[in-house]
Amino acid sequence: MSDVARLAGVSKMTVSNVINNRPGVSDQVRHRVLEAIRQSGYRVNVSARTLKSGRTGVIGLAVPEIDRPYFGQLAAHVIDQARRRGFHVAIEQTGAAAAGEIDAIAHSRTLHFDGLILSAVELDRTEDQRLPDADYPIVMLGEQDFGGRFDHVAMPNEEGTKAATAHLIDRGCRRIAIITGNSLDGVNVVTRRYRGYLAALTERGLDADPALLFTLDAMTLDEGRAAAHRLADSGREVDGVVAVTDTVAQGVLRGLADRGLRVPDDVRLVGFDDIPESKFMVPSLSTVAPDHRWMAAKAVELVTRRVRAPLRQPGEYTAPFELLLRESTR
């Protein structure tokens with residue numbers, strides 16, 4: 001670092017500020033330091049810096065499946081928010097399994113990450129003996145609250161699905177099917193969104209017909225299409241469909257078209273997540289749009305704050321949402 005400072009004609013502190021992307025350095029000086037780094041071949045000794053500071057400047061992000069549009073979008077937002085705070089992000093895939101989620105926690109500690117943001121699907125309070133101490137910086141995303149043991153950033157699952165179902169009722173739908181996952185026990189995204197669907201029906205004086213519940217083995221395009229086939233082939237009268245995710249809704253749209261049913265003329269359709277593809281579908285998809293950027297910013301804020309204050313009292317936060325009305329319900 002002394003060599004770089006001498007080459008660039010600046011102080012060692014200025015070199016440190018540039019390396020750590022701190023503010024207060026002019027573009028001209030920053031360029032001069034970066035050029036000196038390039039010429040000298042200087043590389044940060046991460047091990048030495050970690051020993052000195054006790055930090056690596058890396059936070060982990062563990063998600064069920066990185067190839068799903070929602071989690072790819074989440075990862076992009078987390079990376080952006082972390083960079084703004086001077087952190088890098090290491091991403092791990094858990095496979096939506098408790099063992100994978102426990103492994104992600106263990107790896108983040110073994111690799112000395114400064115903290116972890118974990119999108120937990122299967123992990124719950126019964127795994128307490130395998131969870132880290134509360135002083136390890138960790139933020140949970142998802143439906144489990146872990147009894148207030150960790151900072152928790154949740155999706156507006158019940159509120160959002162309730163609003164989506166109420167919107168279909170306001171559009172005149174009376175026979176509203178829900179196409180969702182098959183894990184209707186416990187606390188998870190499926191159960192919470194199903195509760196929102198039921199709550200809207202109850203508030204509007206409609207009975208929930210078990211025959212209008214169609215479950216999926218996996219929340220994929222293919223499963224959504226197959227569920228739409230089952231719905232159409234059943235002969236049941238349906239004028240609205242709530243899909244558990246936009247990805248499932250996209251499959252449902254294709255499946256209804258396969259059977260000659262038009263959206264929204266014959267069946268109105270609403271999804272959840274507002275993935276980028278939803279506004280380009282034909283028809284464009286009405287959807288519950290959680291504030292993904294807010295969720296990422298809050299999770300990164302919480303985990304980096306806990307790096308500085310490990311014993312801070314954990315908090316519970318729910319993302320705001322907007323119901324985006326597009327062609328599929330008009």
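This is a predicted model: local features need pLDDT of at least 70, side-chain atom pairs count only at pLDDT 80 or more; totals for chains, interfaces and linings use all residues.
Reader: OK, how many helices and strands does the protein have?

Author: The protein has 11 helices and 12 strands, where helices (H or I, at least four residues) and strands (E, at least two) are DSSP runs numbered from the N terminus. Along its principal axes the C-alpha trace spans about 80 × 45 × 30 Å.

Reader: And what share of the residues is buried?

Author: Buried residues make up 49% of the 330 residues; buried means under 20% relative accessible area, exposed over 50%, and partly exposed in between, with a 1.4 Å probe and protein chains only. The protein exposes about 15700 Å², of which carbon and sulfur atoms supply 49%, with areas from the Shrake-Rupley method and a 1.4 Å probe, and for residues only the protein chains shown count as cover.

Reader: Which residues have the most contacts inside the largest nonpolar core?

Author: Those are Ile117, Ile176, Ile179, Tyr197, Val241, Val252 and Leu269, in a core of 58 residues. A nonpolar core is a set of buried Ala, Val, Leu, Ile, Met, Phe, Trp, Tyr and Cys residues joined through side-chain atoms within 4.5 Å. A second, separate core has 15 residues, including Ile105, Ile138, Phe146 and Phe150.

Reader: What is tyrosine 197 in contact with, beyond its neighbours within four places in sequence?

Author: With those neighbours left aside, tyrosine 197 is in contact (heavy atoms within 4.5 Å) with Thr161, Lys162, Thr165, Ile176, Ala177, Ile178, Leu212 and Val242.

Reader: Val242 sits in strand β8, I think; where do its residues point?

Author: From strand β8, residues 240–243, Gly240 and Val242 point one way and Val241 and Ala243 the other, and all are buried. Strand β6 (residues 176–181) runs parallel to β8 and is joined to it by four bridges, with alanine 243 as the bridge partner of isoleucine 179; two strands pair if DSSP finds at least two bridges between them.

Reader: Which way does β8 pair with β9, parallel or antiparallel?

Author: β8 and β9 pair in the parallel sense over three bridges, and valine 242 has valine 270 in β9 as its bridge partner. From β9 (residues 268–272), three bridges lead on to β10, again with the two strands running parallel, and there glycine 271 is partnered with threonine 287.

Reader: Why is β10 described as largely enclosed?

Author: Five of the five residues of β10 (residues 286–290) are buried, so the strand is largely enclosed by the rest of the structure. Both faces are covered, with Ser286, Val288 and Pro290 on one side and Thr287 and Ala289 on the other.

Reader: Switching to helices: is threonine 191 buried or exposed?

Author: Threonine 191, which is found in helix α8 (residues 189–203), is buried, with a relative accessible area of 5%. Leaving aside its neighbours within four places in sequence, threonine 191 is in contact with Ser183, Leu184, Asp185 and Gly186.

Reader: And what is the relative accessible area of alanine 257?

Author: Alanine 257, in helix α10 (residues 246–258), is partly exposed at 40%. Its C-alpha atom is separated by 9.1 Å from that of alanine 228, 29 residues apart along the chain.

How values were computed. Residues are numbered from 1 along each chain as its sequence is written. Side-chain values use heavy atoms; hydrogens and water are left out.
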